[in-house]
Amino acid sequence: MAGIYIHVPFCETRCIYCDFYSTTRPEFKSQYVRALCQELRLRKDYLKGEPVETVYFGGGTPSQLAEEDFRQIFETIEAIYGSESAHEITLEANPDDLTKEYAAMLHSLPFNRISIGIQTFDDATLKLLNRRHDARQAVNAITHCREAGFGNISIDLIYGLPGETDSRWEHDLQQAVSLAAEHISAYHLTYEKNTRIYQMLKARRIREVDEESSARFFGMLTDKLGKAGYEHYEISNFCRPGMYSRHNTSYWKGIPYLGCGPSAHSFDVDTREWNIASLSRYIRSMESGQRAFETECLDRQTRYNECVMTSLRTMWGVSLEEVKQRFGIDLWQHCMDTATPYLKNGKLEIKDNHLCLTRTGIFISDGIISDLMFV
């Protein structure tokens with residue numbers, strides 16, 4: 001099986017924390033769609049005939065596209081790759097785009113999963129982040145998607161935001177649970193260097209939350225969602241039983257995927273490729289039939305490190321048998337040797353020959369993953 005990722009770079013406004021490639025130039029949408037479809041055609045052999053199980057429209061703000069844009073893209077995917085195996089087709093969307101009419105239009109297309117970037121239900125913080133919606137629109141967006149017929153809705157939250165308090169985070173979690181989304185992703189805010197929020201931090205206009213508060217917020221997250229019946233299947237992701245994101249899980253399990261659009265990454269197990277992060281140059285390269293991209297060949301050590309880094313984040317953990325078969329007895333021994341102290345202190349455990357984080361291990365997962373890597 002394989003996946004297709006479509007990067008839609010358009011945003012009406014730019015959020016102050018986001019460092020993903022995006023543009024506020026909507027006049028390029030038609031050219032972008034034509035270029036994207038051209039890339040899908042040019043790269044038809046990349047997945048080596050593997051059936052496409054998932055399609056994911058990310059961004060940027062994919063909900064900035066119109067019905068005719070989506071139809072053109074889906075027609076191209078159907079013609080080149082087929083859709084009979086595509087069990088999960090996701091659209092990332094901003095709450096204010098999800099009107100009744102837009103949600104109904106999306107449901108008339110092959111989409112069967114909507115991922116809504118809510119981030120917080122605190123209006124003052126949403127304004128600080130330069131988000132276009134407010135809390136009321138976030139709630140209405142989920143209502144509109146339900147009324148349109150969507151039975152698989154994910155919402156994104158961010159914690160550790162400027163001025164975050166226990167009560168504010170508790171309110172966000174309560175609101176999220178009350179909306180009964182099938183999936184919840186919750187990420188701690190990171191201050192990326194090329195963002196406005198990083199500049200605000202350096203100018204001391206805002207303050208970063210301390211480590212103790214961050215750990216407490218994460219504990220509140222796992223406790224609240226666990227009690228509400230959500231499975232904690234990846235460090236930042238929770239779902240109703242069986243409703244995990246198939247597409248994102250393919251990243252963590254090392255399943256090949258084709259990434260199309262400016263800045264999109266692709267992975268075929270042995271190599272990783274990424275398109276140029278410029279919409280104008282991307283369009284020109286597709287018009288000329290000469291894709292502008294870079295590539296990296298992944299050696300055995302790099303593939304082992306990526307396997308540890310991604311697999312250990314999930315509830316399924318690292319398959320020790322797979323490590324032995326794919327990477328050799330020496331890296332398997334390294335994995336076991338470096339894992340031993342954490343097995344003894346209860347931060348790691350072995351279940352069905354899979355190395356997994358325990359609840360206490362999750363809190364120091366970055367350090368454990370770093371130690372298990374081979375450098």
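Is Gln119 buried or exposed in this structure? At 8% relative accessibility, Gln119 counts as buried, where buried means under 20% relative accessible area, exposed means over 50%, and partly exposed lies in between (1.4 Å probe, protein chains only). The model is a predicted one, in which local features need pLDDT of at least 70 and side-chain atom pairs count only at pLDDT 80 or more, while totals for chains, interfaces and linings use all residues. Residues are numbered from 1 along each chain as its sequence is written, and side-chain values use heavy atoms, with hydrogens and water left out.

Gln119 sits in strand β4; here helices (H or I, at least four residues) and strands (E, at least two) are DSSP runs, numbered from the N terminus. Although Gln119 is not a glycine, its phi is positive, at about 75°.

The neighbours of β4 come next. Strands of a sheet pair through backbone hydrogen bonds, either parallel or antiparallel. In this model, β3 and strand β4 (residues 113-119) run parallel and are joined by four bridges, with two strands taken to pair if DSSP finds at least two bridges between them. Leu91 has Ile114 of β4 as its bridge partner. On the way from strand to strand, β3, helix α3 (residues 100-107) and β4 make a right-handed β-α-β unit. A crossover is called right-handed if, with the strands pointing away from the viewer, the path from the first strand over the helix to the second runs clockwise.

Strand β3 (residues 88-93) has five of its six residues buried, so it is largely enclosed by the rest of the structure. Strand β2 (residues 52-59) is also joined to β3 by four bridges, and these two run parallel. Tyr56 finds its bridge partner in Thr90 of β3. The chain passes from β2 through α2 to β3 in a β-α-β crossover that is right-handed. In the loop between β2 and α2 lies Gly60, and a cis peptide bond, with omega of about 15°, joins Gly59 and Gly60.

Helix α2 (residues 67-81) contains Thr76, which counts as buried at 9% relative accessibility. Not counting residues up to four places away in sequence, Thr76 touches Cys37, Leu40 and Arg41, a contact being heavy atoms within 4.5 Å. Leu109 is placed in the loop between α3 and β4 and is buried, with a relative accessible area of 7%. With neighbours within four places in sequence left aside, the contacts of Leu109 are Phe70, Arg71 and Phe74.

Another parallel pairing involves strand β1 (residues 2-8), which four bridges join to β9. Asn275, in strand β11 (residues 271-275), counts as buried at 3% relative accessibility. Beyond four places in sequence, Asn275 touches several residues, including Gly259, Cys260 and Ala264. Asn275 and Ala264 are 11 residues apart in sequence and 5.5 Å apart in space, C-alpha to C-alpha.

Four bridges link β14 and β15 in the antiparallel sense, and Lys351 has His354 of β15 as its bridge partner. The loop between β14 and β15 holds Asn353, which counts as partly exposed at 39% relative accessibility. Phi of Asn353 is positive, near 60°, in a residue other than glycine.

Rolling a probe the size of a water molecule over the atoms shows where empty space is left. A pocket is an open set of points, on a 1 Å grid over the protein atoms alone, where a 1.4 Å probe fits, with protein on both sides within 12 Å along at least five of seven lines; lining residues have an atom within 4 Å of a point. The second largest pocket has 21 lining residues, and His232, Met315, Leu357, Arg359 and Ile362 lie nearest its centre. Among the elements giving two or more residues to this lining are β14 (348-351), β15 (354-357) and α14 (359-362).
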